[in-house]
Amino acid sequence: MKNSRLPRGVAILLSNRSQTLQLLFSRGVMSRTDIADYLGITTAAVTSIVNDFLDEGLLVQQEAVLESQNPVGRRRLPIAVNYDWRYILAIDIHSYYVNIGVTNMKGDVLTERALIPGGDTPKDLCSGIAKECIKMLWEAGIPMEKVLGAGVTVIGPINQVDGIALHVFRLFDDPFPIRSYFEEEFSFPVAVENNVCAILLSELIYTDITEDAHNILMLKWGPGVGSAMAIHDQIYKGYHYQSPEIGHNRISEQNGLRCNCGAVGCLEPTVSTDAIAAFIAEEIADHPAGELAGLAGAFGLPTRKNLPQYLESNSETLWAFMRERAHALASVTGNAIHLLSPDKLLLTGDLFALEPVRELFEDQLYTINPRLQPDLCATARASAGKKYAGAAAIVVEQILLPWKDLGNNTRQVHRNS
């Protein structure tokens, strides 16, 4: 079978070396023969590629397996990625907090910590975060030469080609060269991307989802609402590097809530975890002897952190509100599905991680449009329980795969593409 996956990211032609790596990242373990059949190249060519990577330690060879049940049959030698070959420095920047961590090449965490973003200028912000990252690497005993690169995921639109943050909501309104600022501090390359686009990329990199779906809409619910789209297996961005923004669809023409993006009337502030927590707090204040007040006695006042405990209850008041919020989100998402016609709707985020919430949303979605294909919705796999999977994926995509294809001049080619 020939590979139907198209090149993603930068406009360069992936070589057989990069395609081999890309295939192993998404499929896990394959034999040389299977790789050759999938890519449509000779087994000898694959063997040469694989041997180079085995010598470097980037790939590892698994135990031999028989091609058939015949004990004298031909043995295949499965090959897999050595995810611990290099480390990745992950930096996840939000409006009110920054998470930093060190992971392997699949996003598995070795060490991490949370920071409060500081600095009056974007450069000061990046410099302060970078110093904490260097300190964390030193304390963990990780040498700089073992770091493949830093993956920086940021809220708001990102020009990933030139490494520019275009609008980091509630931090800085003006564009700034976020990659350059970090690379001034680090001795290794830096990849940057919008946080939700990075999560979707992790699904494309680390899973076999593109075997069945090539046009994918991702919806993230919690703490806010984020979305991203892949078309023909490539992360889609439109004018000025904008991704599809389900959460910033306007649902109120006037007297709406002000959103993080600065606009009034967006969907996001009405369905966010903060909006749900605020509703619970208001109900507690209005009905101090009610069921939600009783839950507050057990869980404490509602916050993002303990909201799952409230949602695990059978409170009719809370779930009536959740049905309204799920219906609002499903309505806007249904419109996006009509416009974009995805093969798959991937669900991720803190709220979708709760099965009753996910089922409620899907029920509302199919109630609005019963003609949707029955297997449209799926839960994101690569990022499940891995807050830095997106950061790891953009380093693999922007740094590892091109570097293995083009050599050490890749970053200059990448930036000019």
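Reader: Leaving aside neighbours within four places in sequence, what is L400 in contact with?
Author: L400 is in contact with F25, L58, W85, M105, L148 and V395, where contact means heavy atoms within 4.5 Å. This is a predicted model, in which local features need pLDDT of at least 70, side-chain atom pairs count only at pLDDT 80 or more, and totals for chains, interfaces and linings use all residues. Residues are numbered from 1 along each chain as its sequence is written, and side-chain values use heavy atoms, with hydrogens and water left out.

Reader: Which residues touch the most other members of the largest nonpolar core?
Author: Among the 49 residues of that core, they are F25, L59, M105, I205, Y206, I216 and L400. A nonpolar core is a set of buried Ala, Val, Leu, Ile, Met, Phe, Trp, Tyr and Cys residues joined through side-chain atoms within 4.5 Å. Buried means under 20% relative accessible area, exposed over 50%, and partly exposed in between (1.4 Å probe, protein chains only).

Reader: And which element supplies the largest share of this core?
Author: α6, with 9 residues. Helices (H or I, at least four residues) and strands (E, at least two) are DSSP runs, numbered from the N terminus.

Reader: New topic. Is E291 buried or partly exposed?
Author: E291 is partly exposed, with a relative accessible area of 40%. The residue lies in helix α9, residues 291-299.

Reader: What does the side chain of E291 make a polar contact with?
Author: The side chain of S315, at 3.1 Å. A polar contact is a pair of N or O atoms within 3.5 Å; within protein, one must be able to donate a hydrogen and the other to accept it, and residues adjacent in sequence count only if both atoms are side-chain atoms.
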